2 protein chains.
Amino acid sequence: MTDESQSQAEAGAGSRRRGRSGGGAAARRAVRQSGGLTKFPAISRLINPYEVLNEEGLSIIEANAETILQEIGIEFRDDPEALAMWRDAGADIDGERVRFPKGLCRELLKTAPAEFTQFARNPERSVRIGGNNTVFAPVYGPPFVSDFDNGRRYATIEDFRNFVKLAYMAPAMHHSGGTVCEPVDIPVNKRHLDMVYSHIRFSDMPFMGSVTHPDRAQDSVDMAKLVFGSEFVDQNCVLINLINANSPLVFDETMLGALKVYARAGQATVISPFILAGAMSPVTVAGTLAQILAEASAGMAFAQLCRPGAPVVFGTFASSISMQSGAPTFGTPEPSLVLYGAAQLARRMGVPFRSGGSLCGSKAADAQAAYESAHTLMPTLLAGVNFVLHSAGWLEGGLVSSYEKFMLDVDQLAMMQKFAAGIDLSENGQALDALREVGPGSHFLGCAHTQANFETAFFRSSIADNNSYEQWEAEGSQRAVQRANTLYKKVLSDYQAPELDPAINESLLDFIQTKKDSMPDAFT
Amino acid sequence: MTDESQSQAEAGAGSRRRGRSGGGAAARRAVRQSGGLTKFPAISRLINPYEVLNEEGLSIIEANAETILQEIGIEFRDDPEALAMWRDAGADIDGERVRFPKGLCRELLKTAPAEFTQFARNPERSVRIGGNNTVFAPVYGPPFVSDFDNGRRYATIEDFRNFVKLAYMAPAMHHSGGTVCEPVDIPVNKRHLDMVYSHIRFSDMPFMGSVTHPDRAQDSVDMAKLVFGSEFVDQNCVLINLINANSPLVFDETMLGALKVYARAGQATVISPFILAGAMSPVTVAGTLAQILAEASAGMAFAQLCRPGAPVVFGTFASSISMQSGAPTFGTPEPSLVLYGAAQLARRMGVPFRSGGSLCGSKAADAQAAYESAHTLMPTLLAGVNFVLHSAGWLEGGLVSSYEKFMLDVDQLAMMQKFAAGIDLSENGQALDALREVGPGSHFLGCAHTQANFETAFFRSSIADNNSYEQWEAEGSQRAVQRANTLYKKVLSDYQAPELDPAINESLLDFIQTKKDSMPDAFT
């Protein structure tokens with residue numbers, strides 16, 4: 001599947017090609033309002049990415065990654081088929097260890113598209129992944145949820161639906177994500193059906209498939225076919241799927257199984273070394289980067305072996321651990337440097353990049369949570385990440401999907417979208433007439449230029465309180481987390497489900513019922 | 001005063017020339033420990049600044065600033081001497097309005113040093129301002145203080161001393177600042193004496209002089225002379241002083257009076273347009289940048305008229321207002337863009353730059369405060385700001401110096417210092433041996449490379465809680481603000497005053513007493 005054929009498919013699917021719509025004024029012009037819902041298109045960055053490595057540094061790390069691939073190799077465990085595929089491709093196989101002749105992975109990656117479209121059932125919500133685009137998706141994976149009223153508890157399918165709805169309602173959330181929380185009230189072997197259905201039923205944005213078993217991956221593809229049609233799914237990306245490496249230097253049977261299903265179905269895989277540096281990678285940034293590059297290269301190249309042209313994303317989740325307690329830490333300098341460096345490596349390789357989000361280790365949606373999240377999210381945008389999992393709701397090292405944190409985060413996402421539009425240098429942006437009109441010692445509040453621009457001039461937070469101390473105190477001295485609590489309830493109460501063709505809905509429900517009836521419940 | 005003569009003076013004053021010591025490993029090597037006190041040297045950034053404007057954008061804004069200076073002009077109010085100086089320099093004077101022939105300000109700025117040293121009474125704490133250096137200084141100006149136990153109240157001299165002590169104790173705080181809070185329990189016309197004395201007595205870092213009246217500026221210079229000697233003060237910068245423009249396009253008598261005292265004494269002035277965009281400047285980023293450049297250029301050029309070679313800093317404080325309520329807002333995208341753009345303009349002009357900090361509008365040290373602060377502080381570092389006022393303690397739009405916010409912020413400053421060191425590409429940083437030793441499927445916790453590096457590998461927060469949920473709950477489910485409360489008390493209790501020559505101390509106390517006795521108390 002080439003980029004060009006995707007473009008044609010995109011046109012065929014009724015989605016329009018976006019120009020450099022960016023955030024800010026351009027984003028506002030491009031805002032899609034339907035039934036009172038305000039949604040921004042995915043970010044098309046007009047600002048440059050920030051780079052922490054120069055040419056020499058990048059070359060050193062690339063050479064080290066090749067050394068890792070050649071000398072140390074990577075294990076593909078419990079998957080004889082994968083080993084055979086690698087042998088046929090020219091790799092050196094020693095037990096489950098695969099060693100790659102110099103340049104093999106890069107050669108295989110020549111068939112990977114530099115960017116691709118993931119289609120949504122609402123063509124207006126389709127997103128372009130790669131290039132100067134940034135797509136925000138919610139938190140992925142927490143077994144717990146929390147809110148300010150009831151605290152922390154195991155997640156249920158109702159929570160899952162709520163987070164899908166909150167994501168749908170958030171203007172700067174471009175993607176419905178995947179496991180927005182783990183609905184532990186549903187059997188392990190069946191919950192993927194309810195999760196995929198919830199994304200389709202309660203949102204119209206693009207979403208992610210199940211990766212916990214090859215059969216569940218296949219179910220995800222089959223359900224997507226009910227929505228998009230079999231032929232369309234075969235020729236276009238409608239699912240993006242998270243394939244974690246077992247760092248260091250291992251891919252396991254489960255993830256390889258899901259990878260093969262999705263790649264062969266022409267669906268996108270995000271090959272993500274999951275790194276807590278110091279445990280799963282060296283304690284240094286440069287060492288971690290070389291390992292990440294080696295792992296991601298091998299995984300993405302394997303996807304190309306499964307189906308040349310299958311969309312792949314260079315992913316990484318990188319944090320550090322406390323060398324005192326072993327606990328993961330977030331929002332510290334080292335993971336930021338890893339993120340910036342890995343983004344550069346992905347750009348040079350010519351593949352889309354996934355990393356970052358609004359990560360934090362805090363147990364409460366407090367100052368720690370916000371500092372840590374901001375110090376992940378801003379690098380995420382500035383590095384030029386293309387696909388951003390965990391961009392809202394993440395709390396407590398990813399163990400918890402927090403309702404309030406979700407609202408705090410989506411406010412930040414909207415700010416990032418505005419920032420990404422850069423500085424408007426049009427005549428109106430230059431505002432010389434305003435300066436001439438006002439002159440020394442006066443103010444700009446009433447001038448013509450301000451009157452013409454004030455509604456859209458400055459970002460307006462949905463959470464921040466900028467009232468006077470006295471007014472804030474009179475209103476109960478609320479902290480941000482309390483305002484977020486009020487807001488998420490209002491948003492859920494305002495939610496209206498997007499339309500879904502009743503025939504498609506019925507076919508999905510039939511599919512789910514048949515699947516559920518075909519096997520006993522499993523809880524492990 | 002040329003840069004070269006400063007270097008000689010620096011050598012003469014016993015301070016060593018710093019190389020590119022940076023943060024991280026280099027900073028740790030350079031850490032100065034005395035009496036158990038850990039202090040980092042000022043940041044010497046090893047990372048590139050982030051740039052939001054290209055050559056074309058910069059040229060547009062520079063041309064617009066020249067248009068403002070030529071056509072609209074700037075008012076120098078209630079200061080006939082200043083007008084006369086401008087007339088002599090070739091400017092066009094119309095009442096109090098000064099219009100500048102094209103290029104005049106830039107021509108005058110050729111005598112301004114590109115960077116300079118501000119000396120501290122402890123030569124180890126002297127800082128280099130300009131170039132790739134970043135110096136963090138505390139919040140400046142709040143009339144209130146707050147802490148978690150007692151809430152918000154008017155500041156006193158005891159609070160002032162406490163913040164000087166907290167700054168002295170913070171590893172990544174490089175400067176004692178100025179009005180860390182406004183000690184309203186001391187008469188308006190005398191409190192500058194106690195403030196300057198507190199910086200000298202309770203810290204040994206560089207500090208700022210009073211700007212609220214020319215006489216108080218002179219008192220600040222005279223007290224500095226008691227510490228450093230008259231000749232040294234005449235030839236070297238020992239005070240850096242905040243001169244705000246009355247934006248738009250006005251300098252007033254008070255600020256001009258202080259500016260003249262300091263510039264003529266060879267001391268540094270930070271010429272800072274104080275902008276709430278939409279009120280004091282146009283509602284657009286590019287318009288605001290042109291105005292800032294015009295104001296800062298005129299102010300810095302005036303300092304060169306007062307004494308060619310006097311150190312000047314291109315300053316800006318830029319935020320936005322809520323176009324609904326008129327309240328200032330912080331941590332939003334537009335001020336970040338202004339900050340990045342202004343830093344580029346200052347670099348092109350070849351003068352040091354001041355902006356940013358840990359600004360927020362929140363009334364509590366909560367998630368809002370942290371998000372907003374982080375979204376000011378990270379741009380501050382990435383833009384390459386040289387002198388950072390308000391880098392810790394700022395709350396509620398600058399009305400409050402918060403004890404807890406101070407501790408939260410200085411933790412962030414230490415992270416910024418580590419980030420600024422960039423990626424270590426030494427052989428140890430590359431860590432190939434660790435990867436060879438560990439290989440696939442194992443972990444790095446016990447390997448030789450980890451053992452050799454773990455103590456300094458990752459940033460260790462003094463505030464963040466990364467324990468398990470259960471442990472956190474057992475310890476009282478404390479929010480970050482509560483941990484910061486505990487910490488600030490511990491730091492104050494650990495504080496030990498740096499040594500001060502008793503003869504100097506006595507001369508300062510005599511000077512203060514004489515001054516205080518010479519005039520009645522004034523409270524307005």
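A crossing of two helices is called right-handed if the near helix is turned clockwise from the far one by less than a right angle. Keep that idea in mind as we walk through this structure, which is a predicted model.

**Two helix pairs**

Let's begin in chain B. Which way do helix 6 and helix 7 of chain B cross? Their crossing is right-handed. Over in chain A, helix 13 and helix 14 also make a right-handed crossing. Here are the two pairs side by side:

| Helix pair | Axes come within | Crossing angle |
|---|---|---|
| helix 6 (residues 157–169) and helix 7 (residues 191–202) of chain B | 10 Å | roughly 35° |
| helix 13 (residues 367–383) and helix 14 (residues 403–419) of chain A | 11 Å | roughly 30° |

Who does the touching in these pairs?

Now look at B:Lys516, which sits in helix 20 (residues 502–517) of chain B. How far apart are B:Lys516 and B:Lys190 in sequence, and how far in space? They are 326 residues apart along the chain, yet their C-alpha atoms are 6.4 Å apart. Setting aside neighbours within four places in sequence, B:Lys516 touches B:Lys190, B:Leu193 and B:Asp194.

**Where the two chains meet**

Finally, step back to see both chains. Their contact involves 114 residues from chain A and 114 residues from chain B. About 9400 Å² is buried between them, with carbon and sulfur atoms giving 69% of that area. On the chain B side, B:Lys363, B:Tyr371 and B:Phe458 lose the most area to chain A, together 9% of what that side buries.

How many salt bridges link chain B and chain A? The count is 6. One pairing is A:Lys418 with B:Glu334, whose closest N and O atoms are 2.4 Å apart. There are also 34 residue pairs in polar contact across the interface. On the side of chain B that touches chain A, helix 13 (residues 367–383) of chain B supplies the largest share, 11 residues. By class, that side divides into 58 nonpolar, 35 polar and 21 charged residues.

Terms used
Residues numbered from 1 in each chain as written. Chains lettered and ligands numbered in written order. Predicted model: local features only at pLDDT ≥ 70, side-chain atom pairs only at ≥ 80, totals over all residues. Heavy atoms only, no water. Contact = heavy atoms within 4.5 Å. Buried area = accessible area lost by both parts, 1.4 Å probe. Salt bridge = Lys/Arg side-chain N within 4 Å of Asp/Glu carboxyl O. Polar contact = N/O pair within 3.5 Å; in protein donor to acceptor, adjacent residues only side chain to side chain. Helix = DSSP H or I, 4+ residues; strand = E, 2+ residues; numbered from the N terminus. Nonpolar A, V, L, I, M, F, W, Y, C, P; charged D, E, K, R; others polar. Axes fitted to C-alpha atoms, helices over the stretch in contact; angles between N-to-C directions.
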